[in-house]
Amino acid sequence: MSSGTAPRIATSPSPRPEPDEMRAMFSSMWLIRRFEERAAEEYMRGRIGGFLHLAIGEEAAVVGAISALRPTDPITSTYREHGHALARGSDPGRVMAELFGRSTGICGGRGGSMHLMDAERHFYGGYGIVGGSVPLGVGLAFASSYRGDGAVSLTMFGDGAANQGVLAESLNMAELWRLPVIFLLLNNQYGMGTSVERHSADEDLYKRAEGYGMPARKVDGMDVLAVRAAVAEAARMAREEGQPSMIELLAYRYRGHSMSDPDTVRAADEKERWQARDPIVMFERVLLGEGVMTGEEIAAERARIEAVVEDAAAFAEQSPEVPVQELARDVYANPWSDDPRGSAIMPPGPAAPAGGGA
Ligand SMILES: Cc1ncc(C[n+]2csc(CCOP(=O)(O)OP(=O)(O)O)c2C)c(N)n1
Ligand SMILES: [Mg+2]
C-alpha cells in the first residue's frame, strides 16, 4: 500500500475457537497468572535476583495473540515476557528455574527473567532494551520471506517503546518490503510510571503505523477473544498477502513496573476500575455462559494449574546453581581470554597470589 489513508484491519466475523482451544486458552491465562504471582513471592523470599517485571493483568493480550498463531511463527518480546514463553509451551519448571538463575533454566540460568528464549519453540526472546525486540521481529519476518517458509513474525512491545525511533524505521522497512510481521503494541498505559498522555503526543499509538500506509487498529486488550480475532486476521494478511500490520492492545498491568517499583504514582481508583475488568474473570464468564466449561471444571483446572506452579517452584529450588566457571559460557564468544582486549569478564578461578605463577 503506497499512499492514502490506510485501511483498518477488518476483523472478519470470527467464529468462536473450538471448545478445546477455548479451554486451552483459559489454562494458559491461569498458568501465567499463578506463575507470576508465585514468581513475586519467590522474589520476596530472595530466590530471584535482579529485576522482575510481571504481566499480571495482561494475560488476555499474551494468550489471545499467541494462540492465534502457528507454533512455528516466531515471537519476540520485551523483558515482561514470562507469559510469552509459557503461552508458547515452554516448560514452567525450566522457566521458573531461569528466574532463579539455576542451571536447569531455559537458558541455562544465564539469561534470567528479562532474557528468556526458547528457540525450539520459535520464541526468540526477551529483550531489556526498550524497542529492541521490534527490529529483530522485522528481521525474523525478512528471514521468513526470504526463505518462503510461510511464517509470520509477532513482535510485541510497549507504549513506551512506541516513542523509540527504531519503531519508525521498522515500520517503514516492513511496509516497503511487505514483510510478514505483526507489530503488537501492548498499551498498558504507562512506561514505568509515566502515563501515555504524558509521554506521547498522540495517545492513539496505532496511528504510528498509518503514517507508513500500514493497516492498524486498537483492540480491547482485556478481551482474549477480541485479541485472538484481531491477531488471527493480521496473521492471515501477513501470510497470504505479505501485508504487515499493527495492533494496539489497550490493557493494564496490575502491579508496578517491576518488583522494585512501589507503584505509588497510579491512582487506586484507576487500578480498581481496570481490575474490575479482569481478563480471566471475563473469560470465565464466557466459558460458563457458552457452556464450554462448568464451574466444577474451572475449579478443577485451577487446582491442576496450582500444582503445576508448585512443581515448577520446587523444581527451580532443587536445581543446582550455575557454576561460576560456566557463567559467561554462551554469553561471551571468548569468555576466558587472557587478552584484556578480548571479552574476559571474570577470571576462571580465584585470583593468582601476587608474584605467583600461572
Ligand atoms: C533504550 C532504553 N531506554 C530506557 C530504558 C529503561 N526502561 C526500562 S522499561 C522502560 C519503560 C518501557 O515502557 P513500555 O514500553 O510501556 O513497557 P512496559 O514496561 O509498560 O511493559 C524504560 C524507560 C531501557 N531499558 N531501554
Ligand atoms: Mg507500558
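## The pocket and its lining

By class, nine nonpolar, nine polar and four charged residues make up the lining of the second largest pocket. Here Ala, Val, Leu, Ile, Met, Phe, Trp, Tyr, Cys and Pro count as nonpolar, Asp, Glu, Lys and Arg as charged, and the others, Gly among them, as polar. This is a predicted model: local features need pLDDT of at least 70, side-chain atom pairs count only at pLDDT 80 or more, and totals for chains, interfaces and linings use all residues. Residues are numbered from 1 along each chain as its sequence is written, and side-chain values use heavy atoms, with hydrogens and water left out.

A pocket is an open set of points on a 1 Å grid over the protein atoms alone, where a 1.4 Å probe fits, with protein on both sides within 12 Å along at least five of seven lines; lining residues have an atom within 4 Å of a point. The second largest pocket is lined by 22 residues. Thr78, Tyr79, Arg80, Gly158 and Asn188 lie nearest its centre. β2 (153-158) and β4 (190-191) are the elements that give two or more residues to this lining. β2 gives the most, with three residues.

## The ligand in place

Ligand 1 sits in the second largest pocket, meaning that more than half of its atoms lie within 2 Å of the grid points. 16 residues surround ligand 1 (a heavy atom within 4 Å). The closest are Tyr79, Arg80, Gly160, Asn188 and Tyr190. This shell has six nonpolar, seven polar and three charged residues.

## Polar contacts

A polar contact is a pair of N or O atoms within 3.5 Å. A polar side-chain atom of Tyr79 is 2.7 Å from an oxygen atom of ligand 1. For a side-chain N or O atom of Arg80, the distance to a ligand 1 oxygen atom is 2.8 Å. Ala161 uses its backbone: a polar atom there lies 3.0 Å from an oxygen atom of ligand 1.

Key
Chains lettered and ligands numbered in written order. Polar contact = N/O pair within 3.5 Å; in protein donor to acceptor, adjacent residues only side chain to side chain. Helix = DSSP H or I, 4+ residues; strand = E, 2+ residues; numbered from the N terminus.
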